[in-house]
Amino acid sequence: MMGNGAERAFIGSFTSAGGRGITAAAVDRDTGGLTVLGSTDAVPDPSFLAVGPRAGGTVLYAVGESAPGVAAAFALDGDVPALLGTVRAVEGDAPTHLALAANHLVTANYTSGSVTALPVLADGSLGAAASVLRHEGGGPDAGRQEAPHAHQVLADPSGNWVVSVDLGTDSVRVCALDPATGALRLHGETALRPGTGPRHLAFHPSGALAYVLGELEPTLTVCRWDTSTGRLDVLGETPVLPDHERAGSADDAVRTYPSEVVVARDGRFLWTANRGHDSISVLTLDESGEKAALVATVGCGGRWPRDLTLDPSGQWLYAANEHSGNVSWFAVDAETGIPRHAGSVEVPAASCVVLV
């Protein structure tokens, strides 16, 4: 695994739980280590972040997982991100994820079960919400699936489609986004096994496959993706934990709630973060990418790993551990894909990590 690594890390956290907001850190390319530079609490509960281009640099985007929910852009000219333009309402509650697509920032609004598109202006700042697409439906888990709960939005590798993963409806929606108007149009919906509670999705480097991670069941659903038609078809499921460790308990404190899925840039490995089990699972992918096999689990270096991020070089893997309030980093074995814990830094109520 070769290539240039990241120079900066930005870590989101829950200000309502004692987090500092967005923490900036320098990255040591040789060790993977993080050194905190500073933080900003300009938006409440910035639980998820994304980066995008800007003339002469990069822009950091954040959702505020509040009610009502917000989104904001930040300039990265100094050590600490600086608010760029206006903090915008997403016209939905508790946005948990965001992505850039077709000249817009798109947010997944968990509590409202909706997806919002906001225009990205010439300077990288955000305009007012252009459209909101509301999901419909529910699932068999009365406590978690009583209504739609959009948990992730992502542009497909071609940039032609936006997919939204809905934990409440056990489905993935495919949308078209008009780059001129920001109008979102539902194109199709793929049903997953009821009760799995899909949370996040990652694409294979080929762009022809997608892997959907369940939160309510520790399973990975492998799907075929056709970018020309915007069609997602289920191929099969793979557990992300050993059979004897999957059932957990009725006690939420010890049940497992997988949170994030990451695919190696060469398509050989896949990793998931598992809250409750407090682990990172390592799965191998066959040459086609259609077959995933669990080969190992390792400790996440803390408690309640909410996010998992791979360095651009493929050498380092980072886990944001919400309940232990730290970000851990791991050296990835190039032959086996198994991460080895290499260090951690304190970040209270950490929720996500993005690397630049």
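Biologist: Leaving aside neighbours within four places in sequence, which residues is S47 in contact with?

Modeller: This is a predicted model. S47 sits in the loop between β3 (34-40) and β4 (48-54). Setting aside the residues within four places in sequence, the contacts of S47 are F14, V63, E65, P95, T96, S351 and C352.

Biologist: Is S47 buried or exposed?

Modeller: The relative accessible area of S47 is 2%. Buried means under 20%, so S47 counts as buried.

Biologist: How far apart in space are S47 and D307, C-alpha to C-alpha?

Modeller: In sequence, S47 and D307 are 260 residues apart. In space, the C-alpha to C-alpha distance between S47 and D307 is 9.9 Å.

Biologist: How many helices and how many strands does the chain have?

Modeller: β3 and β4, on either side of the loop with S47, are two of the strands. The count for the chain is 0 helices and 28 strands.

Biologist: What share of the residues in the chain is buried?

Modeller: The chain exposes about 13,100 Å², and carbon and sulfur atoms supply 50% of that area. Of the 356 residues, the buried share is 57%.

Biologist: Among contacts with a separation of 6 or more, what share comes from residues 24 or more positions apart?

Modeller: The share is taken over the contacts in the chain with a separation of 6 or more. Residues 24 or more positions apart account for 48%.

Biologist: How far apart do the centres of the positive and negative side chains lie?

Modeller: The chain has 22 positive and 40 negative side chains. The centres of these two sets lie apart by 1 Å.

Biologist: Which element gives the most to the largest nonpolar core?

Modeller: That core has 26 residues, and F10, I22, L49, L60, Y61, F74 and L98 touch the most other members. Two or more residues each come from β2 (22-27), β4, β5 (57-64), β6 (70-75) and β28 (350-355). The most, 5 residues, come from β5.

Biologist: Which residues does Y61 touch, not counting residues up to four places away in sequence?

Modeller: Y61 is one of the residues that touch the most other members of the largest nonpolar core. Not counting residues up to four places away in sequence, Y61 touches F48, L49, A50, G52, A72, A73, L98, L100, L105, V120, G124 and L126.

Biologist: Which residue does a cis peptide bond join to A67?

Modeller: Most peptide bonds are trans. Here omega is about 0°.

Biologist: What is phi of W304?

Modeller: Most residues other than glycine have a negative phi. W304 lies in the loop between β23 (292-299) and β24 (305-310), and counts as buried at 16% relative accessibility. Phi of W304 is positive, near 65°.

Biologist: Where does A349 lie?

Modeller: A349 is not a glycine, yet has a positive phi of about 55°. With a relative accessible area of 8%, A349 is buried. The place of A349 is the loop between β27 (339-346) and β28.

Terms used
Residues are numbered from 1 along each chain as its sequence is written. This is a predicted model: local features need pLDDT of at least 70, side-chain atom pairs count only at pLDDT 80 or more; totals for chains, interfaces and linings use all residues. Side-chain values use heavy atoms; hydrogens and water are left out. Helices (H or I, at least four residues) and strands (E, at least two) are DSSP runs, numbered from the N terminus. Buried means under 20% relative accessible area, exposed over 50%, partly exposed in between (1.4 Å probe, protein chains only). Contact means heavy atoms within 4.5 Å. Accessible areas come from the Shrake-Rupley method with a 1.4 Å probe; for residues, only the protein chains shown count as cover. Lys and Arg count as positive and Asp and Glu as negative; His and the chain ends are not counted. The place of a charge is taken as NZ of Lys, CZ of Arg, CG of Asp or CD of Glu. A nonpolar core is a set of buried Ala, Val, Leu, Ile, Met, Phe, Trp, Tyr and Cys residues joined through side-chain atoms within 4.5 Å.
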